[in-house]
Every structure is written in C-alpha cells, then in structure tokens.
Amino acid sequence: MKTKILICMGTSGLSAGAEKVESIFKSELKRHKLTDKCEIVRTGDRGLFRDVLVDIITPELGRVTYEYIKPSDVPELVEKHLVSGEPVKKLLAGKDYEQFFAGQMRIVLSNCGEIDPENIDDYLSHGGYSALKKVLGMAPEKVIEEIKKSGLRGRGGAGFPTGRKWELCRAVKSNEKYVICNADEGDPGAFMDRSVLEGDPHSVIEGMIIAGYAIGASHGYVYCRAEYPLAVQRINKAISQAKEKSLLGKSVLGSTFSFDIRIKEGAGAFVCGEETALIASIEGNRGMPRPRPPFPVEKGLWDKPTVINNVETLAAIRHLVTKGAGWFAAIGTEKSKGTKVFALAGKVKNTGLVEVPMGTTIRELIFGPGGGMVSKRLGLKAVQIGGPSGGCLPESLLDTPIDYESITQTGAIMGSGGMIVMDERACMVDMAKFFINFTVAESCGKCVPCRVGLKRMLEVIDAITEGKGREEHIKFLQEMSGTIKSTALCGLGNTAPNPVLTTLKYFRDEYEAHVKDRICPSHACSELLKYEVIESKCVKCGQCYKACPVDAIRWRKKEYAVIDKDKCIKCKACFNACEFMAIQ
C-alpha cells in the first residue's frame, strides 16, 4: 500500500497556497527517494477551512490530519512523519477540527476532501457510477418510484418533492426533454454547490444522467455562474472523462439510452436561480422570470418539458439509489428526509460547510460542529437562515428543528442553506437593510412590486438607521412587505421582504428605539453613534485605544478611555475592538 498525501485544493486551499505546498512535497519526496512509495492526491476542500489541510495516510500511523500548513512546514513533515514515522505534533489538527466533523452526517459531502475530483478512476473506486449501472437495469417508472419513496425534496430552497417533479415531467409527451442542474448559487455567504462541484463533480453528473433516464431526456445543461471558474473547469473535465468511459453520449454503458451534458456559464445574476429566469438565460435571453403555470416540467427549455434540480439534490441521488430509498428515508424527520448542507458563517468558532440530518436543531448545529460563539463575552443574538430571502430568528428559537415545515413556521425559509450567526453587537434593523439592499440590486425589475416596492422599503430603512425615521415608517414596512409577497412575479420578490418581516416580528423594539429614541441599542448604526465611552461598561482594557487609527482615544492602565471627538473620524474601529459594548 502506497502512502497517501491528501492536499485540499478547492478554491479555499488554492487561495491559501496549496499548489506551493504540493510543489514542495514533490521536491522533498524526490530528495528522500520516496516518490515510488508515496502518492499525492489533489482533493477538493473538506468544508472546514484551515488554510491548507493535509492528510497523511500510512500503514503504520493510519490517517493523520495537519492544518494551517505552509510550504516551510513541508520538509519537517516529510522528514519526521514519512521518514522517521513520527507525527509533527505542533501541526496536528486540533480539537476544533474534531468537533466540527463529530456531529455531522456527510452524504453529499462524503467525497469532498477525500478523492481527486479530476480523476474519474478515483471516483469509480469509491463506488462511483454504480447507481447508474443499477438504474439502467430498472424501468424508468421504477426509478421514479424509488426517488419518491426516499422522500428527497429539492435542496434549492423550495423543497418540492424530487420524485414528484420527475414523475410530472415523464408524464408529458414530447420528442425532447431536458435536465438542468441549477448551479447558480448567488446567496451571500453560500458556497455549498461550488464546493460539491469542485470536490465531487462526477456525483452531480451521475445524478443528472439518472434523472435523464427517468424522465426520458437525452440532453442536460449545467447552469453555473462564470465567477466559479474552478468549478466550471472541474465539471468540464469530469464530463470529458465520463464520455471517454461511455458514461455519457450515445448508448450509455452499451444501453439504448443516450444522454449528453453541456455547460452554460451564467453572468452571476441572483434572479437566475429562479427556474424560468434560468431557462431564459440558457436560451440566450435576458434572465427574467415569467409567470407560472405553465411550469418547466410541462414547458421549459426551448418550450420542452424540463426538470431543474440544484447541485445538492443531484449529488444525493447516487447515494439513495445505491443504498436504497428506505435507507435515505430513515434519515431526518417525517416530512423532511435525508441531510442538509449549510454554509455556517458569522460569529461562531468553526465556519464552513456542515452536513447534518434533517431535524437537527439550530442550537445543536451552532454549538456542535460550529463550536459555539467566538467571544465568551458576547452572547448569541440572532441567526439569519435562508439567505437574503430568509429571516432572522432570535435566541429563543434556537431549538427549532431544521426541516422545511418547522423553519417555515418561524417566518424564515430553509433556502439553499446559508446560515449566519450574529452576536449582541448586530443591529437587526441594519441587517434587514443589508439584505433588502442586496435584493434591490439583484431584482430584474420586470414586475412593479419588486422593482418599486423594495426600493421604497430600502429608502425607509435607510432613514430609520440614519435617525430620520418616523413611527408611520414601521407600519409602512409591514404593509409593503405583505403587498410585495403576495403580488411579486417570482420567488425573489415573494420572499425578499422576509428579513424585514422577521426582524419586525422578533426585534420590533429595535425599530422603535431607532425611531422613537434615536438610538441604536446595538451601537452599530454609524449615524446614531455618539462615540462616547460608557464607563459603567468599560473595563479599562485599552483595546479601543490600540485600534484607533488617528490617536483620538486617550487611555492609561487602570483608567477609563476617553474619545476626543475633534480627532475622531467615526471609522468604528473602537466599536469593533470593544467586546463589552462600552462605546455608544
């Protein structure tokens, strides 16, 4: 057995210098004459971003994981670990690494960080395309029945039953049908789909081929935004390799079924995550939605029946086909089966991609794989779930199970899986403004409620955060949100007011404090900050003094800090440095 050296080389690893680390490994292996005994595997990212992650697997020591590896660390790793058989303790992954993975159930992400995504043989050796071989021996109707039994629902956000969608499309008579993989991941802070495409592209291709077989399609498209160049490169290479192995193209694996896949690079418009806008973009038109019905399963790409599933949904197909619908259905809750991948970000110790069974509570996710809050002094205030169209939930709702029904009841939505944890310094009015600002910029402008209504809402929230709000503004936000939700043309407009509605529901006192008292309780809105030190909260630590870039703060040991307002440039550096909220 050869010694394996796994180096995470997704976007995160490469940006941290993984290629240089690999280069030094190659030269050191050559220097120690270990080239024939060791194999370097260029994997995708594993989900926990520790700069360059390296795993060394030897028969003697088993698997040992190192984190934050720099090129200068490599000679020591080779000499001690590979030559002397002694792990380098100072570089070992720590307890946070173990905690991050301990509470997860990795199904969709199981190959990410484990295989070479650019080597189809590596995928095949991990059971790749065995699901496709199994499906080709089944009637298409039986395949659809298996997907329905599994309870798999679309992971793009809406949660529509995947098997039912396939069944509807198969029932439509047509000489041509299409399968589209929606990889237009545009939520701020979300990178689940990108990571799967970079780390395990063949799983997505295999899911698309199975979908094509089930509905009777012979062509598929991967719609991926052009700003994911590594993902596009790896899916392109995977398609070429699959064709060479007769897994794509005419007579798949010698059967009578033929299926081919093309890639369409999108321009990075959030609205193109909506099915009909995505279809318009592939057809060469401006990415704008159209009213539904007819739905894409009846009249989609080029007016032909079309199934659109997102990356995570398609990547799950091979697992549930291989292990059976019953296995998949046994994971999760009564109505939400399987696992869900989240992009966990914000004020938690461990940020990254987390895959947990449906039904896991938000608290279990944050204080399990997430490792809890970064600061012991600043408690958890809210969790933004569901991306820009989701909602902000308070600490009192942390025990909400993560499933489609429970999350919807709170006023938020599951979305594609973005989750941002906020501490006490986060202003919820300012947070609502951020997301409304995003949807205003990303609205295609086709329908009036979205084009005009969201902009009016943004103007009002702007005024509130600047200390110019009026009491009637709160009522306006409530009413306009309801109007947009019920009248907008597509999902972007229908869900865009959610951040405002949920913050009004759970943090209304903050809106009232901005409007009535002209204060920001979180000390976050610049226009409402006085740049004064609150002595009752100040612990005389001097962190604000050290952070000030213009020497506007006077401080000595064991004394309260004092801000010179004539020198202060209101940059908020002192506010950001203070963990005691002692600056108002």
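Hi everyone, let's start at a loop: Trp-302 is found between helix H12 and strand S8, where helices (H or I, at least four residues) and strands (E, at least two) are DSSP runs, numbered from the N terminus. Phi of Trp-302 is near 50 degrees, a positive value in a residue other than glycine. This tryptophan is partly exposed, with a relative accessible area of 40%; buried means under 20%, exposed over 50%, and partly exposed in between, using a 1.4 Å probe and protein chains only.

Before I go on, a word on the model. It is a predicted one, so local features need pLDDT of at least 70 and side-chain atom pairs count only at pLDDT 80 or more, while totals for chains, interfaces and linings use all residues. Residues are numbered from 1 along each chain as its sequence is written, and side-chain values use heavy atoms, with hydrogens and water left out. The mean pLDDT of the chain is 94, and 100% of its residues reach 70 or more; pLDDT is the predictor's confidence in each residue, from 0 to 100.

The peptide bond joining Arg-292 and Pro-293 is cis, with omega about 0 degrees, and Pro-293 sits in the loop between H12 (275–282) and S8. From Pro-293 to Pro-294 the peptide bond is cis as well, with omega near 5 degrees. Pro-294 also has its place between H12 and S8.

Now follow the chain into the sheet. In what order do the strands of this open sheet lie? The order is S7-S6-S5-S8, 4 strands with parallel pairing; two strands pair if DSSP finds at least two bridges between them. At the edges are S7 (260–266) and S8 (306–310), each pairing on one side only. Neighbouring strands are turned by 20 degrees against each other on average, direction ignored.

Look at S5 next. Are its residues buried or exposed? 6 of its 6 residues are buried. Tyr-178, Ile-180 and Asn-182 lie on one side, and Val-179, Cys-181 and Ala-183 on the other. S5 is joined to S6 by 6 bridges, with Cys-181 opposite Val-222. Another 5 bridges join S5 to S8, where Ile-180 stands opposite Ile-308. S6 (residues 219–225) has 7 bridges to S7, and Cys-224 stands opposite Glu-265 there.

Two helices pack on this sheet. H11 (residues 229–244) touches S6 and S7, and its direction makes about 170 degrees with that of S7. H13 (residues 311–323) touches S5 (178–183) and S8, at about 90 degrees to the direction of S8. Contact here means heavy atoms within 4.5 Å; axes are lines fitted to C-alpha atoms, for helices over the stretch in contact, and angles run from 0 to 180 degrees between N-to-C directions.

Finally, the cysteines. How many disulfides does the structure hold? There are 0, a disulfide being a pair of cysteine sulfur atoms within 2.5 Å. For Cys-548, the nearest cysteine sulfur is that of Cys-571, 6.2 Å away. Cys-548 is buried, at 14% relative accessible area. The sulfur of Cys-568 is 6.1 Å from the closest one, in Cys-574, too far for a bond.

Asp-551 lies in the loop between H23 (543–547) and S14 (553–554), and at 58% relative accessibility it counts as exposed.
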